[in-house]
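Morning, everyone. Let me put the model up, and then we go through rings, ligand and charges.

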Amino acid sequence: CAKKAKTPKDSNNDLAACRMLLSELEAHQDAWPFLSPVRHKSVPGYRKVIKKPMDFSTIKEKLTNNLYLNLETFIIDVNLVFDNCQKFNEDDSEIGRAGHRMRRFFDKRWTELL
Ligand SMILES: Cn1cc(C(=O)NCCCNC(=O)c2ccc(F)cc2)ccc1=O
C-alpha cells in the first residue's frame, strides 16, 4: 500500500509517544544500569568492545534537541542500549538480566502504541 504521508501532527504524536515511552523506561525498577552513560574508566574493556554507547539520559538529551526524526529512529537508539548490554554482559548477570527485562518491557509497550 502507498506510504501514508507524514503530517506535522503525526510527527508531534511520535514525539509525545517517544517522551512517554522514555519516561516509562526511566521509571522501571530495572533501569538503573541504563540511566546514565557507562563510566568506561571504571568498566574495563567497555570502550573497546562497545562502539556506539547509548543510555537513557543521552536519548533524553537527543529528544530534547529534536534529533529523532520519528518513532523509528528513537526505537533504534533504545534497542542500541539493550544490544550493547547483551554484547557486554553475561545473560546470567545482574546487568544482563536487567537488560533482558527492560527489552521485554519496551517491546511490549511500543507495540501497544501501534
Ligand atoms: C549497561 N551497563 C552498565 C554498567 C554499570 O556499571 N552501570 C552503572 C551501575 C552503577 N549505577 C548505579 O548503581 C545507579 C545508577 C543510577 C541510579 F539512579 C541508581 C543507581 C556496566 C556495564 C553495562 O553494560
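**Rings, ligand, charges**

Start with the rings: Phe34, Phe56, Tyr68, Phe74, Phe82 and Phe106 are linked into a cluster by ring pairs. Here, rings of Phe, Tyr and Trp (its six-membered ring) pair if their centres lie within 6.5 Å; planes under 30 degrees apart are stacked, over 60 edge-to-face, the rest tilted.

Before going on, the ground rules. This is a predicted model, where local features need pLDDT of at least 70 and side-chain atom pairs pLDDT 80 or more, while totals for chains, interfaces and linings use all residues. Numbering runs from 1 along each chain as its sequence is written, and side-chain values use heavy atoms, without hydrogens and water.

Back to the rings. The structure has seven aromatic pairs. Take phenylalanine 56 and phenylalanine 82: their centres are 6.4 Å apart and their planes at 85 degrees, so this pair is edge-to-face. The pair bridges distant parts of the chain, 26 residues apart. Phenylalanine 56 sits in helix 3 (residues 56–64), phenylalanine 82 in helix 4 (residues 71–88). Helices are DSSP runs of H or I, at least four residues, numbered from the N terminus. Both phenylalanine 56 and phenylalanine 82 are buried. Buried means under 20% relative accessible area, exposed over 50%, partly exposed in between, with a 1.4 Å probe and protein chains only.

Next, the ligand. Which residues surround the ligand? Trp32, Pro33, Phe34, Leu35, Val38, Tyr46, Asn89 and Ile95 do, each with a heavy atom within 4 Å of it. Taken alone, the ligand exposes 550 Å², and the protein buries 58% of that. Those areas are Shrake-Rupley values with a 1.4 Å probe. In asparagine 89, a polar side-chain atom is 2.8 Å from a ligand oxygen atom.

Last, charges. The whole structure has ten salt bridges, meaning a side-chain nitrogen of Lys or Arg within 4 Å of a carboxyl oxygen of Asp or Glu. Aspartate 14 pairs with lysine 6 at 3.1 Å, N to O. Is aspartate 14 buried or exposed? Buried, at 13% relative accessibility.

Arginine 97 has two partners to show. With aspartate 92, the closest N and O atoms are 2.4 Å apart. With glutamate 94, the N to O distance is 3.6 Å. Arginine 97 and glutamate 94 are three residues apart in helix 5 (residues 94–113), so about one helical turn separates them. Elsewhere, salt bridges with shared partners join Glu24, Lys108, Arg109 and Glu112 into one network. Aspartate 92 is exposed at 66%, and arginine 97 is partly exposed at 31%.

How values were computed. Polar contact = N/O pair within 3.5 Å; in protein donor to acceptor, adjacent residues only side chain to side chain. Helix = DSSP H or I, 4+ residues; strand = E, 2+ residues; numbered from the N terminus.
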